[in-house]
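Me: I would like to go through this model by question and answer, with the cut-offs stated as they come up. Please begin with the terms once the structure is shown.

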Amino acid sequence: MFQFLRILSHVIYYIQLDCDTTLQKLTRFIGKCPEDGWDESTIELFLHELAIMDSNNFLGNCGVGEREGRVVSGLVARRHYRLIHGIGRSGDISAVQPKAAGSSLLNKLTNSVVLDVIKLAGVRTVASCFVVPMATGMSLTLCFLTLRHKRPKAKYIIWPRIDQKSCFKSMITAGFEPVVIENVLEGDELRTDLEAVEAKIKVLGAENILCVHSTTSCFAPRVPDRLEELAVICANYDIPHIVNNAYGVQSSKCMHLIQQGARVGRIDAFVQSLDKNFMVPVGGAIIAGFSESFIQEISKMYPGRASASPSLDVLITLLSLGTSGYKKLLKERKEMFSYLSSELKKLADNHNERLLDTPHNPISLAMSLKNLDETNDAAVTQLGSMLFTRQVSGARVVPCGSVQTVNNYTFKGFMSHANDYPCAYLNAASAIGIKKQDVDVFLKRLDKCLKTFRKEAKQEKSINEISDANTATEQLED
């Protein structure tokens, strides 16, 4: 008996010691991302502590309302850590729910941690942000709808062209008419036509323009918009400025552009994807800005409560990584971009193609497919199919002259961000989480596909030559 009590006392001591260590971590966590990531057991303890603050998890709770956090499946309840009530209230996604104190605290903490990481990534003067359970396109729509109340006469949105459907549809869905500004070709790069932007403002009238809708992260040879100059134009004409920063948080260059734009001119809000920047499931975005009151206006525009899943996912991820872990991922991504660039250039040279010169794009690269396109009209799209069937995902092949209609607007040269880009090309990106193995396997499979095309082209040429020779012989005999 004495031996048992002694063992029990040791067990209690170690439990208390472990709890004290865990509690120290929790008390140091005051809404900023911790420097060192937490272990999974600490994160789970933290989430369970939040969950027991929600009324649906009270032992003596008696719910007689239409929404009482009832979940019939235990698997579903465990998947959400029993945080069932979601975030916000019927009139404000950022509001506190009295019967869901834990879920409300989760929401506030997530927004605070994400704000800290945005500052760490380079936008140091950002004032406020919130996580919204919608992807980038719908989040942009929410921003445009908020501006509608501030500018009731406005009908147009100035939009430097980027061939991405959700960007275009976000403006249409909000009820506005996109005014497409074609890019200008500078070397291989497609850049913002600032003169065309300003000329269009003068023609339409500033009071009739809801905002300028610019872009940072994009597929090469398109490069980030000239954000500083656009921000100055917006400030001069008193026009709001919304930035699509979809996967720009992972790029110090994109974040620097936003910071500088806000410093010298006007940027009202910038929107970024959760899955593309923080490696969580699709379905969430961050809306951030330099005016706390305007960001609150956007959050109040969201109708009803919202799912807590995106907030929960990104909070768990950032607590697991810590700032040191996230900075490490950013550093690795930048290193992989340099590696991908140098190796893709070598491969392009070997196949008599070239890596397009797009120094202003910090994430995406483009390799010409000019010889491939001249060999066979269908070869470019066939290359895309070949890569996909060989388990290469994310690579884009862009043929010349593709035409697509989106919501009654016809884009010539769709996917290339220009009506008549000089050549077909292939895109590859160095995004957060990419590994050296990904790059090496991609290059190996791409090389194999291009060699297959070259071999087939030689065989076809030989067959044509033989056929021509036979035809010539027959004509001489006749």
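Reply: Buried means a relative accessible area under 20%, exposed means over 50%, and partly exposed lies in between, with a 1.4 Å probe and protein chains only. This is a predicted model, in which local features need pLDDT of at least 70 and side-chain atom pairs count only at pLDDT 80 or more, while totals for chains, interfaces and linings use all residues. Residues are numbered from 1 along each chain as its sequence is written, and side-chain values use heavy atoms, with hydrogens and water left out.

Me: Is Ser 90 buried or exposed?
Reply: UniProt, in an unreviewed entry, lists Arg 89, Ser 90, Gln 97 and Arg 305 under "binding site"; its positions are given in the numbering used here, feature names are shortened, and annotations may be inferred rather than shown by experiment. Ser 90 sits in the loop between helix 3 (74–79) and helix 4 (101–121), where helices (H or I, at least four residues) and strands (E, at least two) are DSSP runs numbered from the N terminus. With a relative accessible area of 58%, Ser 90 is exposed.

Me: Which residues does Ser 90 touch, not counting those up to four places away in sequence?
Reply: A contact means heavy atoms within 4.5 Å. Leaving out residues up to four places away in sequence, Ser 90 touches Pro 303, Gly 304 and Arg 305.

Me: Is Gln 97 buried or exposed?
Reply: Gln 97 lies in the loop between helix 3 and helix 4, and its contacts, not counting residues up to four places away in sequence, include Arg 89 and Arg 305. With a relative accessible area of 2%, Gln 97 is buried.

Me: Which residues of helix 7 are buried, and what arc do they cover around the axis?
Reply: In helix 7 (residues 194–204), the buried residues are Val 197, Ile 201 and Leu 204. An α-helix has 3.6 residues a turn, so residues three or four places apart point the same way.

Me: Which residues are exposed on the face of helix 7 turned away from its buried side?
Reply: The buried residues of helix 7 are covered by elements including strand 2 (156–160), strand 3 (177–181), strand 6 (209–215) and helix 8 (227–237). On the face turned away from the buried side, the exposed residues are Glu 195, Lys 202 and Val 203.

Me: How many aromatic pairs does the structure hold, and what is the geometry of Trp 159 and Phe 411?
Reply: Rings of Phe, Tyr and Trp (its six-membered ring) pair if their centres lie within 6.5 Å, and planes under 30 degrees apart count as stacked, over 60 as edge-to-face and the rest as tilted. The structure holds ten such pairs. The rings of Trp 159 and Phe 411 have centres 6.3 Å apart and planes at 85 degrees, so this pair is edge-to-face.

Me: Where in the chain do Trp 159 and Phe 411 lie, and how many residues apart are they?
Reply: Both Trp 159 and Phe 411 are buried. The pair links distant parts of the chain, with Trp 159 in strand 2 and Phe 411 in strand 13 (residues 409–412), a separation of 252 residues.

Me: Is Lys 455 buried or exposed?
Reply: UniProt, again in an unreviewed entry, lists Arg 263, Arg 390 and Lys 455 under "binding site". Lys 455 is found in helix 15 (residues 436–477). With a relative accessible area of 54%, Lys 455 is exposed.
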